[in-house]
Amino acid sequence: MPQGPGDSLLAVYDLCLERGGRELFRDLAFEVSPGQLLQVDGPNGAGKTSLLRILAGLSRYGFSGRVERRTPLLYLGHHPAVKALLTPRENLAWHVAGEAAYNDGQIEEALARVGLYGYEDVPSHALSAGQHRRVNLARLYLSHCPLWLLDEPFTAIDKGGVAELETLLVEHVGRGGAVVLTSHQVLRVACRVQVLSLTEGLLA
Amino acid sequence: MYFDSLSAALSMDGHGPYVWSAYAICLVVVALILLAPRRRRRNILRRLSAEQKRQQHGQIPGNEGK
Amino acid sequence: MSAVAQAPGPARFCLVLLRRQLTLAVRRPIEIGNPLLFFAMVVALFPLGLGPAPDQLAGFAPGILWIIALLSNLLTSDTVFRSDFEDGSLEQLLLAPQPLFLSVLAYIGAHWLLTGLLLALVSPVFALMLNLSAPAVGVLVASLLLGTAVLSLVGGIGAALTVGLKRGGMLISLLILPFYMPVLIFGSAAVRNAVLGIPATPYLAIIAAMLCLAIALAPLAIAAGLRISVDA
Amino acid sequence: MWSFFHKLGSPPWLYRIAGTILRWLLPVTIVALCVGVTWGLLYTAPDFRQGNSYRIIYIHVPAAAVALAGYYVMAIAGAVSLIWKMKMADVAMKSCAPIGAALTFIALVTGSIWGKPTWGTWWVWDARITSMLILLFLYLGVVALYEAYDNKEAAGKACAVLTLVGMVNIPIIYKSVDWWYSLHQPASIKMTGDTTIDPSMLYPLLLMIASFYALFTCCLLMNMRAEILEREARTGWVKKLALGYRS
């Protein structure tokens, strides 16, 4: 897909973050363009989650620098945002992120793709933590947002699920979307993965 | 001076206890709000200067730059 | 990319949220019942504390009923955003493309439907238990309907500001009780006027005016409070 | 003009200028307070109705007036910190709350003590007193909310929102309590009559009001200096300052 430097989905300028008198990162500057898969890496406490929250717009102070968001984005945080009293179907249909109204067919298909076929109408409190994560990941199959910000998406997901998720990421990037994710795992995907190390900067 | 004597000023025709206690309470509170920030500022400075001295004498490598 | 699906408009999104909140509440009915039970039990406390003399109780009834309504509202305000904060839904709500100050109205609306409206509907029973004169009952219901909506909106501000705190329960009372006082004053005054046979509409009109002001301003404060709490 | 605002946002500059102001304002305030108190206590004639107990007016009225004004200072600082994200406005807002609470407390306690010889009771549920009590709760609420947050930056923002909500509500609270009071009982006790105050009483009162405003300013600046130091403890200029500090 042809792309100029102007049509990036997200641009970050001079980002510095300090927490509790300690500098986590400084002068971070990068752009996320369509077709890019960016993995944020760094040891625990390096500020990966903080960075993602800043990118998403949930953190609005405590840092200096500028973030330009040029497109709707989908952010998946540590918490699955799944209500135990609602069924997976209701959780997706009435989701508070308010992206779009999905019909039953779309929701069933998405749930089937995350391996929750047959669980659509079971109350979520009967599901395991990993299944809650999967309900949350089903949003990725439904979403039309070009930019995904995923915070530790592989947590509590089994091997098969990880492989499927990796395929999905490649598909999304191939469609001209972009993904920023934090993970300690090495991604086994069939496309180029850029690594942003918070301690060492942008690596190839 | 309106009052003839010190005792007259103290008693104020029976209203003395009220008036003087009101002023005393006011004095205490005003003193508190004036002295508290002063003490706080001094404590911070003392703590910071002690921290710096410890760092200088302790010679902890890599800590000077912080 | 495929055709981008349109995000639902603010009004539709509010309805979705309202439906979601109400479904959540209905699936845990005890949460709906608790404020009502609280109301009933505290009503029973007052005759025990003040003595069972009917005239005396009737004199205090407007104030008693209003104070209990206020307290039960206060106790439930803390929970408006808490579970959503804990499971991460609140983050997603903040990122939603719809304006946050409209979305929070759905939360407040659900809270009012589940506490204020129900309290107002059951209040005649308790009014009769406290010997409130019959003509005043209608005014009581009307004043509770309007007043508890103000309470829910103001309580929402307190809830939004304290939702990120581990121990918000006690703090929220300290924060919002001062703002509850005008509602209490006019609400009980309306009922008292009705007992005395004086027209109560001026007071009801004032509460309605406060409701208008609260609907206009409280959502902004709630939205700001939520953004701060999620950020902290 | 803009450079002034820019400077106002700079912690070292503000710290220094506050120190300079305090160096002369604090002695002036204390002298003015002493003069005013002595004047009011010893050199004015007693009120012909209330006798000597009226002398409490010289601390009661200034404290009440400044306590109310302090809330507006706090609200304005809160608005500035929310809108322009000015950190020093946040510092100012945070520093206002304890002073305002203390002054409100003084006004309430002295009023209560004044009430005993005048009305024969320590407390009446009069409109003014009740709304002052609520003002105290509002101040304490801000202090409590600030302390409850671990993240002080978030605490400042949350308090600013709360203060602004309070700002909208103060007139409502005041009016409601006023009407509520007039509903209950005839206004047998009036604190502010139309009685023209004698100049011999007015001048010390004006002096005391001015001194209390100065006192508020002094306390505010001192609190702000301490707060600035605490927040900027990691920066170079504070370290240099601390190095020069002899304990």
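A: This is a predicted model. The size of an interface is often given as the accessible area lost when the parts come together. In this case, chain B and chain D bury about 3,700 Å² between them, and 72% of that area lies on carbon and sulfur atoms. On the side of chain B, Tyr18(B), Tyr23(B) and Arg40(B) lose the most area to chain D, together 17% of what that side buries.

Q: How many residues does each chain give to this contact?

A: Chain B contributes 32 residues and chain D contributes 46 residues. Five pairs of chains touch, and the pair B and D has the most contacts among them. Chain B and chain C, by contrast, do not touch, their nearest C-alpha atoms being 23 Å apart.

Q: How many salt bridges are found across the interface of chain B and chain D?

A: A salt bridge is assigned where a side-chain nitrogen of Lys or Arg lies within 4 Å of a carboxyl oxygen of Asp or Glu. The rule finds two across this interface. Arg40(B) forms a salt bridge with Glu227(D), with 2.7 Å between the closest N and O atoms. Arg40(B) is also among the residues of chain B that lose the most area to chain D.

Q: Which residues have the most contacts inside the largest nonpolar core?

A: They are Leu55(A), Phe81(C), Leu145(D) and Phe212(D), in a core of 203 residues. A second, separate core has 34 residues, including Val82(A), Ile107(A), Tyr141(A) and Leu142(A). To return to Leu145(D), its contacts beyond four places in sequence include Leu161(C) and Leu165(C) from chain C, and Ala158(D) and Leu162(D) from chain D.

Q: Which residues form a nonpolar patch on the surface?

A: Val31(D), Val35(D), Trp39(D), Tyr43(D), Tyr203(D) and Leu206(D) form such a patch, with about 600 Å² of accessible area together. Helix H2 (11–42) and helix H7 (199–231) of chain D each give two or more residues to the patch. The largest share, three residues, comes from H2(D).

Q: Why can Leu206(D) be called partly exposed?

A: Partly exposed denotes a value between the limits for buried, under 20%, and exposed, over 50%. Leu206(D), in helix H7 of chain D, has a relative accessible area of 45% and therefore counts as partly exposed.

Notes:
Residues numbered from 1 in each chain as written. Chains lettered and ligands numbered in written order. Predicted model: local features only at pLDDT ≥ 70, side-chain atom pairs only at ≥ 80, totals over all residues. Heavy atoms only, no water. Patch = residues over 30% accessible without salt bridge, like charges linked within 9 Å, V, L, I, M, F, W, Y side chains within 5 Å. Areas by Shrake-Rupley, 256 points an atom, 1.4 Å probe, with all protein chains shown as cover. Helix = DSSP H or I, 4+ residues; strand = E, 2+ residues; numbered from the N terminus. Buried < 20%, exposed > 50% of the residue type's maximum accessible area, 1.4 Å probe, protein only. Core = buried A, V, L, I, M, F, W, Y, C linked by side-chain atoms within 4.5 Å. Contact = heavy atoms within 4.5 Å. Buried area = accessible area lost by both parts, 1.4 Å probe.
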